[in-house]
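Work through the exercises below with the sequence and the 3D structure open. Each task is followed by a solution in steps.

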Amino acid sequence: MSKVFLVTGDGRGLGADIARQALAAGHQVVATGRRPEHVLQALGGEQDNLLATALDITDPAAAQRAVQAATDRFGRIDVLVNNAANFYAGYFEEISDAQMRAQIETNLFGPMNVTRAVLPVMRAQRDGHVITISSLAGVIGLEFCVAYAAAKFGVEGFMESLAYDVEPLGIRTTIVEPGFFRTELLVDSSTTWADLSIGDYAERTGATKKQWQSMNGQQPGDPAKLAAALLTIAGQDKPPARFVAGADAIDAVAAKADNLLAQSDASRELGGALAHDDARA
């Protein structure tokens with residue numbers, strides 16, 4: 001059955017792959033980006049089932065305008081894919097306060113802004129599916145990723161809790177946790193390096209930055225295959241609450257789960273004996 005998709009960040013990378021494959025499958029797509037002309041170019045130009053519209057996800061009013069344009073054109077929104085993101089890379093002390101706030105503004109408040117604008121449409125329909133792209137870094141803290149991980153861990157909490165809010169209204173949610181995919185997240189226009197420089201970190205910063213730069217285009221994951229998997233999930237009556245994407249992410253998340261269980265067990269004697277005596281009676 002044909003659905004109406006609203007996808008953020010469609011000018012390139014995974015967003016363009018999702019929009020392109022949704023169109024090829026016969027869906028109607030609202031493809032968004034800061035520059036709609038770039039979105040159209042990435043998707044092959046004007047099409048009957050395509051609406052390219054401007055959206056800066058950090059602007060709540062822009063999100064409302066994009067949703068209004070979507071419903072004016074197609075009458076409904078069945079699937080929201082919160083894909084747009086960027087990457088502030090560096091050690092915590094070298095990332096400025098302004099950079100940290102900018103990272104969270106885009107990668108956490110951005111999906112919140114768009115979801116807040118879409119939910120009234122889905123509530124009225126008593127149907128919908130919110131898919132938000134998190135990251136392996138939303139499950140596991142990684143070196144040089146403190147800002148990105150802080151935002152993506154926030155996305156995990158937001159989406160996991162949102163599910164309880166909207167499930168009774170017929171709205172489904174899925175958190176997507178990709179490992180390393182060739183999504184253009186590491187190109188210069190998507191990656192921002194730390195503003196500050198501290199001598200104690202200098203050697204590690206130089207080496208780690210060089211390592212991250214060398215990874216661009218060498219990541220193991222294929223974003224076209226990830227896009228196809230997301231279309232499969234969007235077509236399911238009972239989609240997963242979480243989708244771990246990529247063999248690297250699956251192995252890492254499984255190891256994190258084992259580690260959490262071990263830490264929980266290790267905390268049982270001391271941590272489990274903290275209730276008031278009358279609560280244990």
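**Exercise 1. An aromatic cluster**

Which residues form one aromatic cluster?

Solution. The model is a predicted one. In it, the cluster consists of Tyr91, Phe144, Trp193 and Tyr201.

**Exercise 2. Aromatic pairs**

Give the count of aromatic pairs, then classify the pair of Phe87 and Tyr148 and the pair of Phe144 and Trp193.

Solution. 

Step 1. The count comes to 4 aromatic pairs, with ring centres within 6.5 Å as the criterion.

Step 2. For Phe87 and Tyr148, the ring centres are 5.2 Å apart and the planes stand at 70°. Planes over 60 degrees apart count as edge-to-face, so this pair of Phe87 and Tyr148 is edge-to-face.

Step 3. Phe87 belongs to strand β5 (residues 87–89) and Tyr148 to helix α5 (residues 146–166). The two are 61 residues apart, and the pair links distant parts of the chain. Phe87 and Tyr148 are both buried.

Step 4. For Phe144 and Trp193, the distance is 6.4 Å centre to centre and the angle between the planes is 45°. This aromatic pair is tilted.

Step 5. Phe144 sits in the loop between β6 (128–133) and α5, while Trp193 sits in strand β8 (residues 191–193), so the pair ties together parts 49 residues apart in sequence.

Step 6. Buried means under 20% relative accessible area. Phe144, at 4% relative accessibility, counts as buried, and Trp193 is buried with a relative accessible area of 18%.

**Exercise 3. Helix α1 against helix α7**

Describe how α1 and α7 pack, and state which residues make the contact.

Solution. 

Step 1. Two packed helices are described by the angle between their axes and the distance between the axes. Helix α1 (residues 13–24) and helix α7 (residues 223–234) pack at about 50°, and their axes are 9 Å apart.

Step 2. From α1, the contact uses Leu14, Asp17, Ile18, Gln21 and Ala22. From α7, it uses Pro223, Ala224, Leu226, Ala227, Ala228, Leu230 and Leu231.

Step 3. Sorted by class, the contact of α1 with α7 has 10 nonpolar, 1 polar and 1 charged residues.

**Exercise 4. Helix α4 against helix α5**

Carry out the corresponding analysis for α4 and α5.

Solution. 

Step 1. Helix α4 (residues 97–125) and α5 have axes 8 Å apart and pack at an angle of about 20°.

Step 2. Angles under 35 degrees count as roughly parallel, and α4 and α5 are therefore roughly parallel to each other. The crossing of α4 and α5 is right-handed.

Step 3. On the α4 side, the contact is made by Met100, Gln103, Ile104, Asn107, Leu108, Pro111, Met112, Thr115 and Leu119. On the α5 side, the residues include Tyr148, Lys152, Phe158 and Val166.

Step 4. By class, the contact of α4 with α5 has 14 nonpolar, 4 polar and 1 charged residues.

**Exercise 5. Positive phi**

What is phi of Arg126, and what is phi of Phe144?

Solution. 

Step 1. Most residues other than glycine have a negative phi.

Step 2. Phi of Arg126 is near 55°, a positive value. Arg126 is found in the loop between α4 and β6, and it is exposed, with a relative accessible area of 52%.

Step 3. Phi of Phe144 is near 75°, also a positive value in a residue other than glycine.

Conventions:
Residues numbered from 1 in each chain as written. Predicted model: local features only at pLDDT ≥ 70, side-chain atom pairs only at ≥ 80, totals over all residues. Heavy atoms only, no water. Axes fitted to C-alpha atoms, helices over the stretch in contact; angles between N-to-C directions. Helix = DSSP H or I, 4+ residues; strand = E, 2+ residues; numbered from the N terminus. Contact = heavy atoms within 4.5 Å. Nonpolar A, V, L, I, M, F, W, Y, C, P; charged D, E, K, R; others polar. Phe/Tyr/Trp six-rings, centres within 6.5 Å; stacked < 30°, edge-to-face > 60°. Buried < 20%, exposed > 50% of the residue type's maximum accessible area, 1.4 Å probe, protein only. Parallel < 35°, antiparallel > 145°, perpendicular 65-115°, else oblique. Left-handed = near helix turned anticlockwise from the far one by under 90°.
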